[in-house]
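Here's my note for anyone opening this one up for the first time. Have the viewer ready and go through the points in order.

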Amino acid sequence: MEHRRSNNNGPVVIPIFYHVDPSVVRRQGGDFGKALEAITKRIQPEKERQELLRTWKRALNQAANISGWDSSTFRSENELVNKIVDEVRRKVENTFLPTTEFPVGLESRVDQVFMSIENQSSKVSMVGIWGMGGLGKTTTAKGIYNKIHRKFVHRSFIENIRQTCESDKGYIRLQQQLLSDLFKTKEKIHNIASGTAIINKRISEKKVLIVLDDVTKEQQVKALCGNPKCLGLGSVLIVTTRDAHILRRLEVDCVCTAEEMNENESLELFSWHAFRSASPRANFSELSQNVVNYCGGLPLAVEVLGSYLYKRTKEEWKSVLSILEKIPNDEVQEKLRISYDGLTDDTKKAIFLDVCCFFIGKDRDYVTEILNGCGLFADIGIAVLIERSLLKVEKNNKLGMHDLIRDMGREIVRESSKEDPGVRSRLWFQEDVYDVLTKNT
Ligand SMILES: Nc1ncnc2c1ncn2[C@@H]1O[C@H](COP(=O)(O)OP(=O)(O)OP(=O)(O)O)[C@@H](O)[C@H]1O
Ligand SMILES: [Mg+2]
């Protein structure tokens, strides 16, 4: 308790009041107080004993004021022990994946997936989450992972499969990540086939939880899980994808469709981003409703437009609405682009495009240093992009960006010269770089 008092980040204390009332510990009364006195009896001289007693009493008083567990409020010791183990594990491991700052309707979406898993609990359960980009598949998959992952010793959440599997090396990297997550081992993998063979051997008959996020080809699932039917009973495999056909080919047990947000959910999410409250500010109700109508229940669009309009004047809101009016309904990227176009200076635009092309998944401090070296004032620039929901900071300080936003940024670079990569401000595909350098374009 002393250490905790002198250090804000000091050790975590969880008091457990085992057959004793917290108020008795706080006041050290009755038998508890007598026992405490008795323990110190052997300490000499008296001055030292009194000093120790004072310290202990103070610590007990503080501990009793921290919320903990009182055994009398549990139906059985079993329940108490389970609760303690759960909570301590949660505190020391923090294996939870960050989802989103302002979740809306997430619990019910997670529960829908959870129920289909529960229905299959005695066998291997393969569940697909399907829906268009930006609807919340990854967010829901993280939610379900957070809900159930502690029941699995072997578990892994593989993100960014679409992007990483653009190359063979990417496949191998993900195979290594999977083995490392599941079994805490570092494997040398020479090619995709040998990686699959190692994985197959290791996971066969094991109870595992594997989430494969944003799968674009059936072969990605095969490369990462071999034959899912060989997994141990009680295993759960969750696949998220924009392509329902993949789920049919994989013969998943159940497909959960990611639904658009309804009007109320959209308005709430929008309000959290635009006003930092659950509903619109007075005088902004109608404007908010109008903007939300253009988002088509797509949380990504709601989030980006809401963040863009945060602390803006009514005139600025009206100008956004007049731009939205002209954008066809299904042109999500055009809607997201309003936020990019609204960046006030070129350095912020440059930072955004640089991150889109080169720095997704890289450490924030590392990127800041490089961009500062280019004279781009990256500390403030990155902070503004995060405020606008164009950029996120994920686990381990890594920069993350939604792939539809990334594609929007890359398209801005590409459209400067569709035919001739040599004229573009940035090149991110190895082949383009090679062509430009060898052909001297
Ligand atoms: N229930 C929700 N509450 C609040 N925000 C949400 C919710 N679901 C999704 N979002 C937000 O919407 C954005 C898009 O969600 P997400 O990345 O999960 O979509 P996705 O379906 O996985 O898209 P893609 O197919 O492009 O991978 C995220 O930034 C997320 O924060
Ligand atoms: Mg996703």
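1. Start with glycine 195, which is buried, with a relative accessible area of 0% (buried means under 20% relative accessible area, exposed over 50%, and partly exposed in between, with a 1.4 Å probe and protein chains only). This glycine sits in helix H10, residues 192–203. Helices (H or I, at least four residues) and strands (E, at least two) are DSSP runs, numbered from the N terminus. Neighbours within four places in sequence aside, glycine 195 is in contact with Gln175 and Ile189, where contact means heavy atoms within 4.5 Å. From its C-alpha atom to that of methionine 126, 69 residues apart along the chain, the separation is 22 Å.

2. A word on what you're looking at: this is a predicted model, in which local features need pLDDT of at least 70 and side-chain atom pairs count only at pLDDT 80 or more, while totals for chains, interfaces and linings use all residues. Residues are numbered from 1 along each chain as its sequence is written, chains are lettered from A and ligands numbered from 1 in the order in which they are written, and side-chain values use heavy atoms, with hydrogens and water left out.

3. Now zoom out. The chain is assigned domain 1 (2–92), domain 2 (106–257), domain 3 (263–341) and domain 4 (346–439); such bounds come from an automatic or database domain assignment. Taken over C-alpha atoms, the centres of domain 1 and domain 3 are 51 Å apart.

4. Next, the sheet. In what order do the 5 strands of the open sheet run? The order is E4-E5-E6-E3-E7, with parallel pairing; two strands pair if DSSP finds at least two bridges between them. Strand E4 (154–158) and strand E7 (254–257) are the edges, each pairing on one side only. On average, and ignoring direction, neighbouring strands here are turned by 10° against each other. (Axes are lines fitted to C-alpha atoms, for helices over the stretch in contact, and angles run from 0 to 180 degrees between N-to-C directions.)

5. Look at strand E3, residues 125–130, beside E7: the two pair in the parallel sense over 4 bridges. Glycine 128 is the residue opposite valine 255 in E7. Helix H7 (residues 137–148) lies across E3, E4, strand E5 (208–212) and strand E6 (236–241), and it runs at about 165° to E4. Helix H11, residues 218–225, also packs on the sheet, where it touches E5 and E6; its direction makes about 150° with that of E5.

6. Serine 266 is worth a click. You'll find it in helix H13 (residues 263–275), and it is buried, with a relative accessible area of 2%. Sequence neighbours within four places aside, serine 266 is in contact with Met261, Val292, Gly297 and Val302.

7. Two helix pairs come next. Helix H19 (residues 364–373) packs against helix H20 (residues 378–387) at an angle of about 125°, their axes 9 Å apart. That makes the pair oblique (under 35 degrees counts as roughly parallel, over 145 as roughly antiparallel, 65 to 115 as roughly perpendicular and the rest as oblique). On the H19 side the residues are Arg364, Val367, Thr368, Leu371 and Asn372, and they meet Ala378, Asp379, Ile382, Ala383 and Ile386 in H20. By class, this contact of H19 with H20 has 6 nonpolar, 2 polar and 2 charged residues; Ala, Val, Leu, Ile, Met, Phe, Trp, Tyr, Cys and Pro count as nonpolar, Asp, Glu, Lys and Arg as charged, and the others, Gly among them, as polar.

8. The other pair is helix H17 (residues 332–341) and helix H21 (residues 403–415), whose axes come within 10 Å and cross at roughly 80°. H17 and H21 are therefore roughly perpendicular. The contact of H17 with H21 has 6 nonpolar, 1 polar and 4 charged residues.

9. Most residues other than glycine have a negative phi, and most peptide bonds are trans. Glutamine 28, though not a glycine, has a positive phi of about 50°; it lies in the loop between helix H2 (22–27) and H3 and is buried at 12% relative accessible area. Asparagine 160 has a positive phi near 55° and is partly exposed, at 40%. Glutamine 44 and proline 45 are joined by a cis peptide bond, with omega about -5°, and proline 45 is in the loop between helix H3 (30–40) and helix H4 (46–64).
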